[in-house]
There are 2 protein chains.
Amino acid sequence: MNTVSTEIIQEYLDATRVGIDKELDRLLPAADHFPPSIHQAMRYSVFAGGKRLRPILCLEAGCLLGGDEQTLVRLGSALELIHTYSLIHDDLPALDNDDYRRGKLTNHKVFGEAMAILAGDALLTLAFQVLAEPPVASDRKARIVAMIAELAAASGTVGGMIGGQVADLEGEGKPPDAQLLETIHRAKTGALLRASLRLGAIYAGAAEEQYAALSCYGEHIGLAFQIVDDLLDVEESSAELGKTAGKDAAQHKITFPAVYGLEASHRMAAEECERAHHSLALFGERAARLHELADHIVHRKS
Amino acid sequence: MNTVSTEIIQEYLDATRVGIDKELDRLLPAADHFPPSIHQAMRYSVFAGGKRLRPILCLEAGCLLGGDEQTLVRLGSALELIHTYSLIHDDLPALDNDDYRRGKLTNHKVFGEAMAILAGDALLTLAFQVLAEPPVASDRKARIVAMIAELAAASGTVGGMIGGQVADLEGEGKPPDAQLLETIHRAKTGALLRASLRLGAIYAGAAEEQYAALSCYGEHIGLAFQIVDDLLDVEESSAELGKTAGKDAAQHKITFPAVYGLEASHRMAAEECERAHHSLALFGERAARLHELADHIVHRKS
């Protein structure tokens with residue numbers, strides 16, 4: 001990506017993030033709402049500097065198919081609540097035991113373990129409330145139900161986020177294995193990224209081939225995202241990442257660099273990005289933003 | 001309650017529980033499904049001897065209004081998944097730190113803390129999947145969305161289960177306070193019990209006054225349930241309870257006996273039960289089962 005397009009996408013991301021943050025602020029109970037401690041803990045992690053990639057993907061997929069922007073921002077916020085809950089629980093001492101995330105203390109370091117567990121539970125619960133509560137036209141109810149089913153499946157144990165997290169934890173210390181690596185990452189990060197596209201597609205009433213194309217795009221950027229994540233953990237410093245660098249190797253995690261080496265991993269990320277571009281062929285020029293987002297995911301520095 | 005009616009309700013409860021357990025077994029991923037550890041952990045706690053009170057309340061409320069029994073058992077199972085997740089997380093060392101529950105080792109004692117946290121997350125997630133995934137007629141989709149919204153609200157932080165749990169934890173060691181006590185228990189146990197009735201009512205297309213009556217019944221049995229729970233903790237032995245007795249006092253929890261004394265607490269439980277009976281007036285004889293369930297809740301021994 002050249003400098004000009006990097007700047008343009010960054011401006012777009014910053015502007016979109018502002019709108020999503022405003023919606024998240026509206027959806028989360030106020031910090032002084034009883035009992036205040038839990039609402040403070042929830043807000044702390046939601047507003048700890050997330051990139052809002054998942055709501056943005058949902059928004060772009062939905063807008064591409066003519067969906068209403070305001071509703072898509074509201075519904076897409078559910079994805080960020082799920083993502084944030086997963087980070088809070090992953091950081092707990094019993095799991096990855098991380099003290100820093102995005103350059104700030106992790107939730108349990110600030111609010112204690114009990115509150116961090118409950119804040120994660122609360123964000124997970126709120127995600128489904130956000131999808132189910134707003135009034136939508138009665139002929140849209142079936143789409144809401146389908147979105148909830150997709151979000152739950154992508155977050156669950158069978159090929160979803162929790163299943164991936166379990167396989168990742170249990171893979172620590174095992175010999176690097178390409179098959180297991182792909183299984184872990186398709187589930188751990190891939191399923192929710194693909195769901196981000198799918199939620200937007202479902203809401204906007206995607207035709208079957210449109211849904212399949214956006215799912216395919218989601219799978220490729222999902223793998224690209226994870227390969228880059230693994231590479232950043234090796235190549236960047238903790239200061240640049242805002243979290244502890246080099247943790248994967250220290251914990252003997254199964255990663256792309258560990259299985260394929262650095263050079264091949266870089267090549268694979270570029271290939272997945274290329275495949276993501278190809279997946280969008282049927283949308284033509286209209287998918288420009290999703291093309292830019294794929295490039296952005298591969299070229300990000302944190 | 002006399003001995004004959006106790007026996008009849010027990011037979012009914014046992015038979016209904018068998019059907020619910022069968023449905024839960026069908027809904028949970030198989031114990032050997034990848035990654036097996038999480039599915040074993042989920043199943044361990046779901047099949048650790050729960051009374052299935054919440055699905056039974058959902059089923060009875062729905063059947064009272066002509067709802068289909070099989071679908072109500074399936075949808076009502078979501079309530080048991082939520083209830084089980086909350087027990088697993090409540091028992092964690094960072095929260096109530098309990099080693100036993102229903103006479104068996106708690107989830108984290110068997111599977112470790114990481115897996116217990118993730119198994120709770122997974123059951124919470126699966127609950128919403130159970131509501132959203134099954135095919136229902138398109139004119140029923142709006143009801144499913146309303147059920148999901150109610151379940152999420154009842155499980156959440158604003159007057160819901162997590163809010164009650166936070167207030168309960170933060171109330172430890174505070175002077176006994178009647179107002180705080182009621183706030184905690186309406187949220188911690190009351191909201192999900194009321195939601196059990198409401199989910200059945202929504203699914204069966206309850207009229208406004210039927211919905212209000214069942215909600216009212218749910219609130220009264222919810223308080224009765226919690227008062228009896230507090231009393232059992234004082235009056236029964238650990239062997240009878242299947243969990244550590246006397247923990248409330250040891251942890252300086254705000255309980256009904258602590259605020260009102262034993263005698264007044266017994267009287268209050270009976271009064272709440274009486275109010276629950278009155279709430280059902282408009283259903284006449286048809287609500288016989290819900291009347292029996294109210295009595296059963298007050299007279300239970302564990």
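Here are the stops, with what to select at each.

First, some ground rules: this is a predicted model, where local features need pLDDT of at least 70, side-chain atom pairs count only at pLDDT 80 or more, and totals for chains, interfaces and linings use all residues. Residues are numbered from 1 along each chain as its sequence is written, while chains are lettered from A and ligands numbered from 1 in the order in which they are written.

**Stop 1: where the chains meet.** Colour chains A and B separately. 43 residues of chain B are in contact with 43 residues of chain A (contact means C-beta atoms, placed from the backbone, within 7 Å). On the chain B side, α2 (36–46), α6 (113–132), α7 (141–155) and α8 (161–171) each supply at least two residues. Helices here are DSSP runs of H or I, at least four residues, numbered from the N terminus. Which helix of chain B gives the most to this side? That's α6(B), with 12 residues. The side of chain B that touches chain A has 26 nonpolar residues, 12 polar and five charged. Nonpolar covers Ala, Val, Leu, Ile, Met, Phe, Trp, Tyr, Cys and Pro; charged covers Asp, Glu, Lys and Arg; the others, Gly among them, are polar.

**Stop 2: Ile148(A).** Select it and show its surroundings. Ile148(A) touches Phe128(A), Leu131(A) and Ala132(A), and also Phe128(B), Ala132(B) and Ile148(B), leaving out residues up to four places away in sequence.

Stop 3: Now pick α6(A), residues 113–132, and α8(B). Their axes come within 10 Å and cross at roughly 165° (axes are lines fitted to C-alpha atoms over the stretch in contact, and angles run from 0 to 180 degrees between N-to-C directions). So α6(A) is roughly antiparallel to α8(B), a label for angles over 145 degrees. Show Ala114(A), Leu118(A), Asp121(A), Ala122(A) and Thr125(A) on α6(A), then Ile162(B), Gln165(B), Val166(B) and Leu169(B) on α8(B): they make the contact. By class, that's six nonpolar, two polar and one charged.

**Stop 4: a pair inside chain A.** Select α4(A), residues 69–91, and α9(A), residues 178–203; the axes come within 10 Å and cross at roughly 160°. That makes α4(A) roughly antiparallel to α9(A). Among the contact residues are Leu72(A) and His83(A) of α4(A), and Leu192(A) and Tyr203(A) of α9(A). This contact has seven nonpolar residues, four polar and no charged.

Methods. Contact = placed C-beta atoms within 7 Å. Parallel < 35°, antiparallel > 145°, perpendicular 65-115°, else oblique.
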